[in-house]
Amino acid sequence: MSAVVIVGAQWGDEGKGKIVDIYMESAEVVTRYAGGPNAGHTLVVGDEKLIVRLLPSGILRPGTLCVMAQGMVVDPTVLIGEIDELHRRGHKDIESRLLLSDRAHLILPYHIQIDTLRESTAKESEAIGTTKKGIGPCYEDKVRRTGVRAGELRDLSQLQKRIATTLKAWEPTILALGGEVPTAESMIEYLKPLAARLVPLLGDSSKATNDAILQGKRVMLEGAQGTLLDVDHGTYPFVTSSSAVAGGAAIGAGIGPNRISSVLGITKAYTTRVGGGPFPTELEDEQGKHLRDVGDEYGSVTRRPRRCGWLDIPGLRYAARVNGIDGLAFTKLDVLTGMKTLKVCVAYDTPQGRVEDLPIDLLDDPSQAIPVYEELEGWTEDLSEVRVLDQLPLAARNYVRFVEEKSGVPMYLVSVGPSRAATITLHNPFVGRAGTP
Ligand code: GDP
Ligand code: IMO
Ligand code: MG
């Protein structure tokens, strides 16, 4: 049995899209288990660059079954837009290998309206800096038990009654935010043409994923966002509203935890974060700007500049713990080229003394959790053509080994550029050591 979870080990944008695409060469099915169009996963294949927000990142691998599971929140307009974009690029068979869970919740225009109004009326210190894609309000609807699921698109007249009830529940919120409450009829008018396209894609994502695993197919369980944005395990309240961690794969995909064979954590060689919230190793100086420029650190969805800083090993160890990470994919090592010395946070000074675990509940107050750094030598060589670990400059190899030792997690892959080719594969969780089936 082979089902591998891919999970972000930081605050998102670690390069999950690229890594899923790489390992999908060895797999037949990819199931995205959480989040919605707040995600932006970048795929670079030859001259083609594609940013997927809802579609699983295996979509550019011909013949792959792509499942959008019930842990996701799906904006129908965004999904149709992504499918049409792929048609325009000549990928005509997309719908035939796409399955949308009939239990996935739908993001409707009022979710986006509420998210946007909340963000624009919040005090600066309290704004979460969401992507304004309606994520929070949609998950709120889900746990309040007033949400709309994709399967309800099959019967729009019944759905109109349900949306009318939901809008009643939201009315005080929308009015208090100074918004106008839409009518249920207008929502149905909006959904009609979308439903005609989406209903044929509906199915049981749990069964599809579970059956594939039991049939011996290799299945990738693709996460979105990252560990520190997880609603339970992240830097609450500056988090998203879903279970981004590996455990969320079982719930979101609808499979038993014992079906998961391994967990692959993705981390950049440094750290970024977009939106508000604590970030102890942030660099608000020229070095931070350098990382942003060289790493092209601008949000894939919102183009907001990402905050940049040094790698946080206690953060990685925390991610390894809450996800059970078996191996790491280490991305964007090439971006560090040219920096004279590299700092890595290895511990925190707290009122309780020096700790090597991430003191996640102290991070809100920078005086309570002060990063302790070790300095490593940098390198000047271009790494983008390196394909074997031994060909990395010594200082880069030392950096990789240092992270491996300090985090306690073996490296499965090192990425030295955005394309498929710019990859040093050390271990393939589907087939064993690189190149050995
Ligand atoms: P995701 O949300 O985790 O899939 O990551 P994003 O796609 O939002 O952001 C990662 C960005 O880094 C994208 O622009 C990728 O094309 C790019 N990228 C991924 N791996 C590498 C790498 O090793 N080096 C460089 N320079 N860019 C990379
Ligand atoms: P991928 O999958 C980076 C951040 C937002 C904000 C917080 C809450 O591409 O790694 P939300 O819109 O989810 O309510 O916003 O979470 N955020 C992400 N940051 N990458 C992502 O996804 C993100 N998805 C949400 O910036 O701080
Ligand atoms: Mg992203």
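Ala, Val, Leu, Ile, Met, Phe, Trp, Tyr, Cys and Pro count here as nonpolar, Asp, Glu, Lys and Arg as charged, and the others, Gly among them, as polar. By this division, the lining of the second largest pocket holds 7 nonpolar, 10 polar and 10 charged residues.

The structure is a predicted model, in which local features need pLDDT of at least 70 and side-chain atom pairs count only at pLDDT 80 or more, while totals for chains, interfaces and linings use all residues. Residues are numbered from 1 along each chain as its sequence is written, chains are lettered from A and ligands numbered from 1 in the order in which they are written, and side-chain values use heavy atoms, with hydrogens and water left out.

**Pocket and cavity**

On a 1 Å grid over the protein atoms alone, a cavity is a set of points where a 1.4 Å probe fits but cannot get out, and a pocket is an open set with protein on both sides within 12 Å along at least five of seven lines; lining residues have an atom within 4 Å of a point. Grid points are joined across faces, edges and corners, and a volume is the space filled by probe spheres set on the points.

The second largest pocket has a volume of about 560 Å³. Its lining comprises 27 residues, of which Thr42, Gly295, Arg306, Lys332 and Pro418 lie nearest the centre. Two or more lining residues come from each of α1 (16-23), β3 (41-45) and β4 (48-52); helices (H or I, at least four residues) and strands (E, at least two) are DSSP runs, numbered from the N terminus.

The structure holds 1 cavity of 30 Å³ or more. The largest cavity has a volume of about 70 Å³, and its lining residues include Trp11, Leu228, Thr267 and Asp312. The elements β14 (311-312) and α10 (313-323) each give two or more residues to this lining, which has 5 nonpolar, 4 polar and 1 charged residues.

**Aromatic rings**

Rings of Phe, Tyr and Trp (its six-membered ring) pair if their centres lie within 6.5 Å; planes under 30 degrees apart count as stacked, over 60 as edge-to-face and the rest as tilted. The whole structure contains 3 aromatic pairs. One of them is the tilted pair of Phe330 and Tyr399, with 6.0 Å from centre to centre and 35 degrees between the planes. This pair joins distant parts of the chain, since Phe330 belongs to strand β15 (residues 327-331) and Tyr399 to helix α11 (residues 394-407), 69 residues apart. Ring pairs also connect Phe330, Trp379 and Tyr399 into a cluster.

A charge sits over a ring if NZ of Lys or CZ of Arg is within 6 Å of the ring centre and within 35 degrees of the ring normal. Two such arrangements are listed below.

| Charged residue | Ring | Distance to ring centre |
|---|---|---|
| Arg144 | Trp170 | 4.3 Å |
| Lys343 | Tyr373 | 5.2 Å |

**Two residues and their surroundings**

Tyr373 lies in strand β18 (residues 370-377). With a relative accessible area of 28%, Tyr373 is partly exposed; buried means under 20% relative accessible area, exposed over 50%, and partly exposed in between (1.4 Å probe, protein chains only). Residues up to four places away in sequence aside, Tyr373 touches Pro280, Thr281, Trp310, Lys343, Val344 and Cys345, where contact means heavy atoms within 4.5 Å.

Gln70 is found in the loop between β5 (65-68) and β6 (73-74) and counts as buried at 18% relative accessibility. Beyond neighbours within four places in sequence, the contacts of Gln70 include Ser101, Arg103, Lys142 and Gly252.
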